[in-house]
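Here's a quick briefing on packing and aromatic pairs. Have a look at the model first, then read on.

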Amino acid sequence: PSQGAVASWVMGASRKELGQIMTALTEDAKKPYWERRPEPVEGSRMYSGMLQTLYKAGAKYAQRDALLQGFRVLAAIELWRAKQGSAPRALSELVPRYLEALPEDPFTGDDFIYRVEGKGYRLYSTGPDKEDDDGAARIDSKSQQGDLILWPAGPMSAKAG
């Protein structure tokens, strides 16, 4: 929301409502990304707008974390391939030699999605929409739909729809 919209919402809210809104926003911010739900709150445009803004900011941080953690997994896969001559059958084979533990996908709390495809492999996260698009559609920056593809590298494209 714009600064003017926030100011008008604040002006129309009671101190009690503002306190409740700030408590709810704080509680939501403490949750892992995959547990956050940007749902409208009846009777409070201010809370709904602030929750949407918080959710979008959280998606950006989760995307950054997914890239960092995903590249750790990608490096471990490549170390495995250099030694073994092929990709591991499952990410769990990387533990404990190449990774102490498999990092969680910040968008789901689960492992990154990994599929062996012939002599290659595909590694990705579901991305902000938390839906598995089979690693076929990269995140569209406007809609936040699509997967965060770590490998194979290639041109960015919006989710086919």
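Leu-148 counts as buried, because its relative accessibility is 8% (buried means under 20% relative accessible area, exposed over 50%, partly exposed in between, with a 1.4 Å probe and protein chains only). This is a predicted model: local features need pLDDT of at least 70, side-chain atom pairs count only at pLDDT 80 or more, and totals for chains, interfaces and linings use all residues. Residues are numbered from 1 along each chain as its sequence is written, and side-chain values use heavy atoms, with hydrogens and water left out.

**Around Leu-148**
- Leu-148 sits in strand 3 (strands are DSSP runs of E, at least two residues; helices are runs of H or I, at least four; both are numbered from the N terminus).

**The largest nonpolar core**
- This core has 23 residues, and Val-73, Ile-77 and Leu-91 are among those with the most contacts inside it (a nonpolar core is a set of buried Ala, Val, Leu, Ile, Met, Phe, Trp, Tyr and Cys residues joined through side-chain atoms within 4.5 Å).
- Helix 3 gives the most to this core, with nine residues.

**Aromatic pairs**
- There are three aromatic pairs (rings of Phe, Tyr and Trp, the last by its six-membered ring, pair if their centres lie within 6.5 Å; planes under 30 degrees apart are stacked, over 60 edge-to-face, the rest tilted).
- Trp-80 and Tyr-98 are edge-to-face, because their planes are at 70 degrees, with centres 6.3 Å apart.
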